[in-house]
Amino acid sequence: MKLKFCGGVRNVTGSKHLITTDNGSKVLLDCGLFQGRRKETREKNLNFPFDPKELDAVVVGHAHIDHTGNLPNLVKQGYTKDIHATVPTDALIHYMLPDSAYLQERDAEYINKRHRKKGLPLIEPLYTTADAMEAIRLTRPHNLNRWFKVAPDVEIKFVEAGHILGSALTIVRVRERGKVIKLAYVVDLGRKGLPLLRDPFQIRRVDYVIIESTYGNRVHEPIEEAKYQLQEVINRTYNRGGKIIIPSFAVERTQELLYYIHELMEERKIPRIKVFIDSPLAVNITEVFRRYPEWFDEETQEYFRRGDDPFTHLNIEYVRSVDRSKELNEMNSPMIIISASGMAEAGRILHHLKNNIGNPKNTIMIVGFMAENTLGRKLADGWKEVPIFGEKHKVRAEVFVSHAFSAHADKNELREYVRRMGKVKKVFVVHGEETQSLELAIELQRLANVGKVIVPHEGDEVNLI
């Protein structure tokens, strides 16, 4: 049995890991989009280090685009077998993959306009909406805690990850030469006590582990601090008559923010400020959240049982039209605008930042991980001037960065999770910037139950016996 690391190693995007068994079965764990500088991004996403037509199955742990976003390209290049996911993940990608395809098509249009002017060759989008719809057609939904076969010698079981709605850790069981090899794919691991979600399931008794390291050398603020920080930012900005602009992922973070805002208003800790969800994708995703209350934790299920939907109250407006989105920038009253994309790289958030970043009354609140070279990362790192739509804009608005909102386990939580797994032969550290991965590897190597810890490079292949 071989394991090849095809993406999402020594960086946080583009997760792809290929299992090849002794009998020749090939199963791909995740098929995410790589995000970074434009030229490098296109090359990495376009070219797979394997033949998609030879794969027997694809297994995706959750719906985030850095784990599912290259599925349409995989299909475009000849993949025709099943894509396995949880029930809510299947529902979420019905919206997320066409949205991603739309962005790919618009991006190609934008580049081709510039190429025509310069007489350069035109490009095709990485994939189209039709490719996205075909990937959706191939997706097979599964519930948690049940084994199912994805190849003649490979079985899979999804267990709760506690990261986003429908997220799963994956246990892989391979029967080879009369033996059973078990691999745990712990990417992405959530945190205990997150709002909305159940706590992660503790996997035990496996031979090998692939684990994320997004926050491999950091310790988060307590989860409870997130609500308090949101309260403070809203009150401070409201009192000076400004707007709170929050770049947010359409899946989970937007709904988590609404949950906290709803609670804060009910507790009368913030004014009944108007909240705009300005992301058509987030609007659709929130509808999916309403469809699967049984996947939430007990506290959130109780909300729904008594008819108290945290995603709907009089102060929330879900913005669908472009015209209404533009109107928000003409309003001068205090408000909260939650808009995609989460790393401030595309979508309507760019227009809100462009129009509001120069006003010291306003606050830009960073509530999620920002990858290197993204606009969100530049804001989080304290840049005084940032590029938006190719123009420089001075940052005069307050920028507040919260690490309490993270849905990724931190260094201590990752180490404790591995410690509780029992004896494991090898741990492979992935899904983190290089410094994060290397420092987590040092922490894990100190554990008595761990044989060897490896931080692979992209393209590395190892034998598992």
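In what order do the seven strands of the open sheet lie? In this predicted model, where local features need pLDDT of at least 70, side-chain atom pairs count only at pLDDT 80 or more, while totals for chains, interfaces and linings use all residues. Residues are numbered from 1 along each chain as its sequence is written, and side-chain values use heavy atoms, with hydrogens and water left out.

The order is β7-β8-β9-β10-β11-β20-β21, and the pairing is mixed. Here strands (E, at least two residues) and helices (H or I, at least four) are DSSP runs numbered from the N terminus, and two strands pair if DSSP finds at least two bridges between them. β7 (147-151) and β21 (450-454) stand at the edges with a single partner strand each, so one side of each has no neighbour in the sheet. From one strand to the next, the twist averages 25°; angles run from 0 to 180 degrees between N-to-C directions, and axes are lines fitted to C-alpha atoms, for helices over the stretch in contact.

Two helices join this picture. Helix α13 (residues 411-419) packs on the sheet, touching β9, β10, β11, β20 and β21, where contact means heavy atoms within 4.5 Å. Helix α14 (residues 434-445) lies across β11, β20 and β21, at about 170° to β21.

The helices also pack on one another, at an angle of about 40° and with axes 10 Å apart. That makes α13 oblique to α14, since angles under 35 degrees count as roughly parallel, over 145 as roughly antiparallel, 65 to 115 as roughly perpendicular and the rest as oblique. K411, L414, R415 and V418 of α13 meet L440, E443 and L444 of α14.
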